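Below is a briefing on one predicted model.

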Amino acid sequence: MLFKKKKIERQVSLEKKVLDSILSYCQMKHPNEGILILKGKSKQGHIMIDGLVIPPFNYSGPTFAGFPHSFLPFDMSYVGIVHSHPSGSAEPSVTDLHNFFGLVSIIVQSPYGDNDVFAWDSNGNPVPISIV
């Protein structure tokens, strides 16, 4: 093997004020899904999330949420998306994985409490998340 691919273990740090904003937004959008863009920095697998953006022209219903990526302004601080699952399951669906955006996807399950937030990579593997 000529090139060894170093496996990077991802981990997510989420600021408490950002978590509170996410939970409020999800509660406000219920019973529809809500979707937001995560802003932050990534270094050697550690993703620090310190902000949110409401995507332009986003759309949602009880079982879906999305936005047209072509309308997003170029911004190197986008690290992923967060969306809610009003059904109560935090597992990423096949559609979630096919529409993966950035480095991490956070799913918030109903009833939208501090312990209802889960992070996933593009393969659907869980990523450890901590609140700072």
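**Helix H1**

In H1, the buried residues (under 20% relative accessible area, with a 1.4 Å probe and protein chains only) are Val18, Leu19, Ile22, Leu23, Tyr25 and Cys26. They cover an arc of only 160 degrees around the axis, so they lie on the same side of H1; the arc is taken from the directions from the helix axis to the C-beta atoms. The model is predicted: local features need pLDDT of at least 70, side-chain atom pairs count only at pLDDT 80 or more, and totals for chains, interfaces and linings use all residues. Residues are numbered from 1 along each chain as its sequence is written, and side-chain values use heavy atoms, with hydrogens and water left out.

- The face of H1 turned away from its buried side carries the exposed residues (over 50% relative accessible area) Lys17 and Met28.
- H1 runs over residues 16–29, and its end C-alpha atoms are 20 Å apart, which agrees with the 20 Å that its 14 residues should span at 1.5 Å a residue. The expected span is 1.5 Å times one less than the number of residues.
- Helices (H or I, at least four residues) and strands (E, at least two) are DSSP runs, numbered from the N terminus.

**Sheet**

- The open sheet has 8 strands in the order E9-E8-E7-E6-E2-E3-E1-E10, with mixed pairing. Two strands pair if DSSP finds at least two bridges between them.
- E9 (126–127) and E10 are the edge strands, each pairing on one side only.
- E6 and E7 pair in the parallel sense over 6 bridges, and Gly80 has Val104 in E7 as its bridge partner.
- On E7's other pairing listed here, with E8 (residues 117–120), the sense is antiparallel, over 4 bridges; Ser105 has Trp120 in E8 as its bridge partner.
- E2 and E3 pair in the antiparallel sense over 7 bridges, with Ser42 opposite Ile47 in E3.
- E7 (residues 104–109) is largely enclosed by the rest of the structure, because 6 of its 6 residues are buried. Val104, Ile106 and Val108 cover one side, and Ser105, Ile107 and Gln109 the other.

**Nonpolar cores**

- A nonpolar core is a set of buried Ala, Val, Leu, Ile, Met, Phe, Trp, Tyr and Cys residues joined through side-chain atoms within 4.5 Å.
- The largest core has 21 residues, and Val12, Ile22, Leu38, Ile49, Ile106 and Val108 have the most contacts inside it.
- Two or more residues of this core come from each of E1 (11–14), H1, E2 (35–43), E3 (46–53), E6, E7 and E8. H1 gives the most, with 6 residues.
- A second, separate core of 8 residues includes Ile35, Val53, Leu72 and Tyr78.
- Leu38 is in contact (heavy atoms within 4.5 Å) with residues beyond four places in sequence, among them Ile22, Ile49, Val82, Val104 and Ile106.

**Single residues**

- Ser84 is found in E6 (residues 78–85) and is buried, with a relative accessible area of 0%.
- A polar atom of the Ser84 side chain lies 2.8 Å from the backbone nitrogen of Gly34.
- Leaving aside neighbours within four places in sequence, Ser84 contacts Cys26, Asn32, Glu33, Gly34, Val108 and Tyr112.
- Ile129 is found in E10 (residues 129–131) and, at 28% relative accessibility, counts as partly exposed, the class in between buried and exposed.
- Not counting residues up to four places away in sequence, Ile129 touches Val12, Leu14, Ile106, Val117 and Ala119.

Key. A polar contact is a pair of N or O atoms within 3.5 Å; within protein, one must be able to donate a hydrogen and the other to accept it, and residues adjacent in sequence count only if both atoms are side-chain atoms.
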